[in-house]
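Visitor: I'm new here. Could you show me around this one?

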Amino acid sequence: MIQHIIAISTSYVLGKRIAWHYADNKISPSVLQKLSKKTKSILGSPEYSIH
C-alpha cells in the first residue's frame, strides 16, 4: 500500500507558505527529516500542519 504525506509550512514573518507532497511504499523518518531541513532552508523557522 502506498503511504503519502502532505506537509504545509508557513512563515508569517516572511509571508510565505510552501507545501510538500510525498508518496512511497513506506515513508521513513529520514524522509521527514529531509523535508524539515529543506523547509527550514526556505522559511527559517516554519510552522507546520501535517495531514
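**A short tour**

Guide: Let's start at Val-13, which sits in the loop between β1 and β2. Strands here are DSSP runs of E, at least two residues, and helices are runs of H or I, at least four, numbered from the N terminus. This is a predicted model, where local features need pLDDT of at least 70, side-chain atom pairs count only at pLDDT 80 or more, and totals for chains, interfaces and linings use all residues. Residues are numbered from 1 along each chain as its sequence is written, and side-chain values use heavy atoms, leaving out hydrogens and water.

Visitor: Is Val-13 buried or exposed?

Guide: Buried means under 20% relative accessible area, exposed over 50%, and partly exposed in between (1.4 Å probe, protein chains only). Val-13 has 80% relative accessibility, so it counts as exposed.

Visitor: And Ser-9, buried or exposed?

Guide: Ser-9 belongs to strand β1. Beyond its neighbours within four places in sequence, its contacts (heavy atoms within 4.5 Å) include Ile-18, Thr-39 and Tyr-48. Its relative accessible area is 0%, so Ser-9 is buried.

Visitor: Which residues of α1 are buried?

Guide: Helix α1 covers residues 29-43. On the other side of α1, Pro-29, Gln-33, Lys-34, Lys-37 and Ser-41 are exposed. The buried ones are Val-31, Leu-35, Thr-39 and Leu-43.

Terms used
The expected span of a helix is 1.5 Å times one less than its number of residues.
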